[in-house]
Amino acid sequence: MDDAAAMRGLPALESLARVPAFDDLAPSERQRSAFDAFVAACDGDLELELGFVCRLDRNFPAVRCASGLYRAEHAERIYKGDLERPAVGDWVVLRRPEAHDVALIEEVLPREQALVRWRGSQRGDLQVLAANVELVLIAQPLGREALSLNRIARSAVVAADSGAEIAVLLTKADRAASSEELAHDVAHVRALLGERVRVLALCALDAREREDVDVDALADATVRAGGHFGLSSVRELLAPQTTALVLGESGAGKSTLLNALLGEAALKTSSVRRSDDAGRHTTVARRMVKVPDAGVVIDCPGLRNLPLVGHESGLEKVFGDVMERAWECRFRDCTHHGEPGCALAGAEETGELDPARVEAYISLADEMRRHATSLDPDVTL
Ligand SMILES: Nc1nc2c(ncn2[C@@H]2O[C@H](COP(=O)(O)OP(=O)(O)OP(=O)(O)O)[C@@H](O)[C@H]2O)c(=O)[nH]1
Ligand SMILES: [Mg+2]
Ligand SMILES: [Zn+2]
């Protein structure tokens, strides 16, 4: 198998750092009994083993089992598309034939959760970013341009739609124009997403030695604005036996953050373009790493766009109070663009709802309505 992996240009399994051990995660009861049922249906076939997909390199999976770490191919039913392909985080039934060195994924066990995005162009073109993720960390870099609240709100809706918990990470805090600016950004994000969503700011590169950056002042400002600061506050969110995923554009500092948590440069990073601060799509694999004394985190390639299509449940989770208010609009089909008797406009005026939060809701709901007719496969034209 290693020869086959080498032929495809995949990294050798022995060279992979910080791959979670089998015991670092546990299947749910449903997944465990689905595995037992599958094995029983195969008369207790000893070649079958339980494992989770800990890595995908250009769609080639690596699976962690109790007996070891294996490169695996898809069984025919998956290969042909009769069954869905496994994503990182999926619990699977792995077949390891004694006479062969090729392992086969026979079945993907029921998902407790899946983080899904619309790839953006065609109808029905969905991509499962990862499965069985408990927490999505939405990474948004500070610095060059104004903080993209739209991007944060959009990511929050997609992530919440999957059923995962969410938290926002403002990365590269050392690039904030000042500690006051950082405090404003933290406050804006909190107003945007509501008090229940944790907002963290951090600097993954060690800035303590730098004279132009006062890390303590940044930390104070963040905390005063109701946020949390630093790597330790990220680590606190990563409960043992759980999986988190870092979601963000290329260059947001996802891999740098994970390296800082790991205390070693296990993941490749590279500089952003000077001209426009854009990342270089450095991370190409989706992979799990185990953070010492904490949980498992998935690093994945940066996502350029995250269109909202059919993410109603996510919208409701993030903007529940706004949606509830919208029931009071005079017209049932109010678009909240200046119609008379619009309850959202009313709530903005009285200060009951934060205007930025209302505006974000309206623009995301508009987009979702538009896409519903052009992209959603459940809507027939
Ligand atoms: N100043 C500063 N730069 C940072 C920080 N974190 C990351 N960077 C820089 O940002 C650039 C991009 O970081 P990466 O970690 O590769 O970004 P990424 O999100 O993993 O990007 P992709 O893998 O392309 O999706 C690198 O040059 C990092 O050194 C930080 O806290 N402060
Ligand atoms: Mg990366
Ligand atoms: Zn309205």
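**Exercise 1. Describe how the axes of helix H9 (residues 312-326) and H11 are placed relative to each other.**

Solution. Step 1: the two axes come within 10 Å and cross at roughly 145°; axes are lines fitted to C-alpha atoms, for helices over the stretch in contact, and angles run from 0 to 180 degrees between N-to-C directions. Helices (H or I, at least four residues) and strands (E, at least two) are DSSP runs, numbered from the N terminus.

Step 1: the H9 and H11 crossing is left-handed, a term used if the near helix is turned anticlockwise from the far one by less than a right angle, with clockwise giving right-handed.

Step 2: on the H9 side, the residues that meet H11 include Leu315, Val318, Phe319 and Val322, while Ala360, Tyr361, Leu364 and Met368 are among those contributed by H11. Contact means heavy atoms within 4.5 Å. By class, this contact has 10 nonpolar, 1 polar and 3 charged residues. Here Ala, Val, Leu, Ile, Met, Phe, Trp, Tyr, Cys and Pro count as nonpolar, Asp, Glu, Lys and Arg as charged, and the others, Gly among them, as polar.

The model is predicted: local features need pLDDT of at least 70, side-chain atom pairs count only at pLDDT 80 or more, and totals for chains, interfaces and linings use all residues. Residues are numbered from 1 along each chain as its sequence is written, chains are lettered from A and ligands numbered from 1 in the order in which they are written, and side-chain values use heavy atoms, with hydrogens and water left out.

**Exercise 2. Determine whether aspartate 366 is buried or exposed, and state its contacts.**

Solution. Step 1: aspartate 366 lies in helix H11 (residues 355-374). Step 2: its relative accessibility is 17%, so it counts as buried; buried means under 20% relative accessible area, exposed over 50%, partly exposed in between (1.4 Å probe, protein chains only). Step 3: beyond neighbours within four places in sequence, aspartate 366 is in contact with Thr335 and His337.

**Exercise 3. Check the span of helix H4 (residues 149-161) and describe its covering.**

Solution. Step 1: the expected span of a helix is 1.5 Å times one less than its number of residues. For the 13 residues of H4 this gives 18 Å, and the end C-alpha atoms are 18 Å apart, which agrees. Step 2: 10 of the 13 residues of H4 are buried, among them Ile152, Val157 and Val158. Step 3: glycine 163 follows H4 and has a positive phi, near 95°.
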